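Good morning, and thank you for making time for this item.

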Amino acid sequence: MAPTIPLLSPYQMGKFNLSHRVVLAPLTRDRSYDNLPQPHAALYYSQRATEGGLLITEATGISNTAQGYPDTPGIWTKEQVEAWKPIVNAVHEKGSVFFCQIWHVGRLSNYGYQPNGEAPISSSDKEMTPGLAGGDWSPPRRLRTDEIPSLINDFRLAARNAIDAGFDGVEIHGANGYLIDQFLKDQVNDRTDEYGGTIENRCRFALEIVEVVANEIGADKVGIRVSTFADYMECGDSNPEALGLYMANALNKYHILYLHVIEPRMVLHTGHIFQTPYSTLPMKKAFNGTFISAGGYKKDDGNNAIADGKADLVAYGRLFLANPDLPKRFEFGAELNKYNRDTFYTPDPIVGYTDYPFLEV
């Protein structure tokens, strides 16, 4: 009998019976015209769905102030909820578990994406370096303390909408330099109220979102993604180890389903991997729920992460994008399709999206 491949071993994630540990990472695909999920997304996601697999959607806006990129989906209107339903159904028909990642970009935006051409909102009024990552960033506006509860409520409503659309749960996007990360990290957050200064205060916004979302839809349907070690989009922290460990411990109070962490070795949006003295293992040991690791994994180091107890599940992005049958390819030791970075974010509904070939077995 062939030895079990760690990535392909079953796992009990709360009430969800997963047949393997290969997760589709959340991947912005820029093909949701006018912020509406499109019918072609049903094919894209169902291609990557397997019986007992876990898929996480691309980042999905919580409100009309959440946008910062072209053609990203939203889940704040009834029309958007209805548009998601057939996509969710297509994934469920294949037997997969489907979570919706809900986000707000914060200062990673410009006047053109904001209602009435207003300034993007953030924890701070610190501007992004002009032209950083090719972006046309507008100076952000620092949120007033009395505005924050309304924003937290937007996350709650988006989570409720996701459940109404049929999703099994939500992942709160607290990573990659977006709004929640802008509160977490001291490179951006220079507030002097209860949402700034100490680690406890900087984590308050994220944890209040977790609390209201968990209360709204059930903690057993909630995950959060963080990138405490990353400094993507000028959003780094002076003590990422302490920040990550505090978050992992603090989240236990809310009994959420999972914590999804981007490895410190990963340089976001370049795909480069480098040696680092940091490790997410203390966070995994501290957190009581399922621990998902992401960050440029190949098959072998994914297997090692599971076998060595460094992760419960491993999220794959570019490899899963280019290989809709990635778990099967891992099972058979098959060659992988190469991804084409040039078509990651094109608006084409087929090219670089649903046209990657399947393994012929």
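Predicted model: local features only at pLDDT ≥ 70, side-chain atom pairs only at ≥ 80, totals over all residues.

Let me begin with strand S9, which covers residues 169–174. How many of the residues of S9 are buried? The count is 6 of 6, so the strand is largely enclosed by the rest of the structure. The two faces can be taken in turn. On one side we have Gly169, Glu171 and His173, and on the other Val170, Ile172 and Gly174; every one of these is buried, and both faces are therefore covered.

Which strands pair with S9? One partner is S6, residues 97–103, which is joined to S9 in the parallel sense over 4 bridges. Within that pairing, phenylalanine 99 is found opposite glycine 169 of S9. Another partner is S10, residues 222–226, which runs parallel to S9 and is connected to it by 5 bridges. There, glycine 174 has valine 226 of S10 as its bridge partner.

As a general point, nonpolar side chains in soluble globular proteins tend to be buried together. In this model the largest nonpolar core comprises 84 residues, and the residues with the most contacts inside it are Ile102, Ile172, Phe205, Leu259 and Tyr316. Helix H5 supplies the largest share of this core, with 10 residues. A separate core of 16 residues lies apart from it, and includes Tyr11, Ala25, Val97 and Ile292.

Next come the charged pairs. Side chains of opposite charge can pair when their charged atoms come close. How many salt bridges does the structure hold? There are 17.

Aspartate 190 is bridged to arginine 142, with 2.8 Å between the closest N and O atoms. This pair links distant parts of the chain, 48 residues apart: aspartate 190 sits in the loop between helix H4 (179–184) and helix H5 (199–217), while arginine 142 belongs to strand S8 (residues 141–142). Aspartate 190 counts as partly exposed, at 32% relative accessibility, and arginine 142 likewise counts as partly exposed, at 30%.

A further bridge joins the side chains of arginine 160 and glutamate 216, at 2.9 Å from N to O. Here too distant parts of the chain are linked, since arginine 160 is in helix H3 (residues 148–164) and glutamate 216 is in helix H5, 56 residues apart. Arginine 160 is partly exposed at 27% relative accessibility, and glutamate 216 is partly exposed at 23%.

Are lysine 185 and aspartate 181 buried or exposed? Both are buried, and their side chains meet in a salt bridge of 3.1 Å, N to O. There is also a network of salt bridges, which links Arg141, Arg144, Asp146 and Glu147.

The structure holds 0 disulfides. For cysteine 203, the nearest cysteine sulfur is that of cysteine 235, 12 Å away.

Serine 227 occupies the loop between S10 and helix H6 (240–251). Serine 227 is buried, its relative accessible area being 1%. Beyond its neighbours within four places in sequence, serine 227 is in contact with Gly174, Ala175, Asn176, Asp181, Lys185 and Ile262.

Lysine 338, by contrast, is exposed, with a relative accessible area of 71%. Lysine 338 lies in the segment that follows helix H10 (326–332). Apart from neighbours within four places in sequence, lysine 338 is in contact with Ala322 and Tyr356.

Thank you for your attention.

How values were computed
Residues numbered from 1 in each chain as written. Heavy atoms only, no water. Buried < 20%, exposed > 50% of the residue type's maximum accessible area, 1.4 Å probe, protein only. Helix = DSSP H or I, 4+ residues; strand = E, 2+ residues; numbered from the N terminus. Pairing = 2+ DSSP bridges. Contact = heavy atoms within 4.5 Å. Salt bridge = Lys/Arg side-chain N within 4 Å of Asp/Glu carboxyl O. Core = buried A, V, L, I, M, F, W, Y, C linked by side-chain atoms within 4.5 Å. Disulfide = S-S within 2.5 Å.
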